[in-house]
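Welcome to this guided tour! Keep your viewer open and select each stop as we reach it.

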Amino acid sequence: MTVLLMTPPMTQLNTPYPATAYLTGFLRSRGYEATQRDPAIELFLEMMTASALDIIRQHVEANFEAFADEELPDVIFNFLAEFDRYRLCVEPVIRFLQGKDSSLALRIVSRRFLPEGPAFDTIAQMEAVSGDILKTAFGNLGIQDQAKYLATLFINDLCAVITQGVDPDFQVSSYGERLAAANPSFDDLYNTLLDEPSFSAEILEQLVEQYLQETQPSVVALTVPFPGNMLGALRIAQTCKAIQPDLPVVLGGGFVNTELRALKDPRVFEFVDFICLDDGERPFMTLLEYFAGERQLDELVRTYFLAEDEQGQVYVHLNDNKELHDIPQSDVGTPIYDGLPLSEYLSLCDMLNPMHRIWSDGRWNKLTIAHGCYWRKCSFCDVSLDYIDRYDAAGADLLVDRIEELIEETGQTGFHFVDEAAPPKALFALANRLIERGVVISWWGNIRFEKTFTPERCQLLADSGCIAVSGGLEVASDRLLKLMKKGVSVEQVARVTKAFSDADVLVHAYLMYGFPTQTDQETVDSLEMVRQMMAQGCFQSAYWHRFAATVHSPIGIRPQDYGITLEPHSDIQFAENDVDFTDPTGTDHDMLGKGLRKALYNYMHGIGFEQPMNFWFEQAVPRTKVKESLISQAVFNTIATH
């Protein structure tokens, strides 16, 4: 029995999404023949060729035939006007971003080689504020990085051409996301799948046909980590069924685990045969045993399939055999990347910020230190679901063994630990083992800004190879942090992040606005907290997320405890996650959100710290009540006590 695992488009372009590598490693450790492909990166690369641009231009010209030049979107006008240069440059730029032609950098930084569309406007905008921003960011010798940044802007322009002129479902890191995300109806996806395939869908179909010929699978398994992978997954499944109708197709992944827990629409099963929930190892292994005749349908674990009731009516059935436990972290095996085109991924630089670029630059081996979250109390988090609720850690020695195996296979020593929140004790143990065993790696991951991360322990992590951490400051308000049961204070986060930064570890903060009962004053004060922290060098990068109430979080389950009223959908047939709600506080979070993002964008480029809070907002906002020295005093107290 041969299993073919695939990641549907689109995901990040610099490194494979780890789910298929995890499952390939597990299945091979249990004696199964498993192989994997990444149609996400291969679809993108097929669209970034000179011949593909010829076809894209034909689509664009047909779609905008009735438009005068001055009516064309800027990115479309520039693409058509500079088409010959785009066609000439696209393949060399891809090779450069793959690390295969570093000599092209000098031509790129000349600013005469690449056509420059609207994506390049950001340079002029920053230069208007702070002068020669490229010189400031890269100096005289940072030629490769500067070229990578300019090449990324070039790619962004081409992707915008595809989205606006050819295929509105196509995005750099998602595909048809609007059709799936929290959509209670399957109609949008279903109708799209029955329509004529788009240009990108036709390429995807050709890739799938090629994969089936190469691997001759007995089973196809598709991971759907995000809403922006669902359309691609179903398109792949549709193609598989058209070529080989009896080929079993199985679906799983993060989007399925969070949003399809109330699935009722049987039309989904016109494309797939089974859908697995939560960690895939046990459910998928029981499915393979079922295919081999070793289990019955009623022995499957957390698996959807079609069934018939006594009246012969077809319905979606979820079978969950609770006699079988999940596979512990100590037994899941080491991820295997064999079958994935590791040399083909693109290292991008989409922002002039050293921490922010880690997500898109470089290829990272992915590992999990511990399944779930050791804290699992945050009121906005899906703590009722398995991926958060079930905590299970692997030992430090086993992790280092896996690290060494991955280095041996891939030749890469960069690691991204993909935990929800890596447990401090496990991190300290891992750091000591790495140092004791002389294993040299660079690693980063997500943490909680716990007080246990003292300056000495932050230095220990840095000595073991830690280059960056990310964690939640969230609303940057002590009242709201207590309400959401975050378990940290603003001053504690300042001290911990400063300790990491002083150890030369880059820090990214997840920020949140629009939390229930959050006022205008608290929002402005949170921005002032962020300004002070970034000015003090506590963290280098951050991102504002608009709060969303989800059905699996404590807020979604007990909204009355947080002063809001939910407005749930009445008929869930497909996806369910975000829930609309009414907050009587009446804060204009739309207006405030624009100002928060504008300020943060400037802070991350090292500018705008001297501006007052009201500078960033389109309407009048309250003056901040935060003491100007609050964060500096918190940081100084940490230094003084160590």
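**Stop one: a pair in a helix**

Select E528 and R531: they form a salt bridge, with their closest N and O atoms 2.9 Å apart. A salt bridge here is a side-chain nitrogen of Lys or Arg within 4 Å of a carboxyl oxygen of Asp or Glu. Because E528 and R531 lie 3 residues apart in helix α22 (residues 520-535), about one helical turn separates them. Helices (H or I, at least four residues) and strands (E, at least two) are DSSP runs, numbered from the N terminus. Both E528 and R531 are buried, where buried means under 20% relative accessible area, exposed over 50%, and partly exposed in between (1.4 Å probe, protein chains only).

Before moving on, note that this is a predicted model: local features need pLDDT of at least 70, side-chain atom pairs count only at pLDDT 80 or more, and totals for chains, interfaces and linings use all residues. Residues are numbered from 1 along each chain as its sequence is written, and side-chain values use heavy atoms, leaving out hydrogens and water.

**Stop two: a link across the chain**

Now pick R437 and D401, whose side chains meet in a salt bridge (2.7 Å, N to O). R437 sits in the loop between α18 (424-436) and β12, and D401 in helix α17 (residues 396-410), so the pair links distant parts of the chain, 36 residues apart. R437 counts as partly exposed at 31% relative accessibility, and D401 does too at 32%.

**Stop three: the sheet**

Next, show the open sheet, where 6 strands pair in parallel in the order β8-β11-β12-β13-β14-β15. Strands pair if DSSP finds at least two bridges between them. At the edges, β8 (365-367) and β15 (541-546) each pair on one side only.
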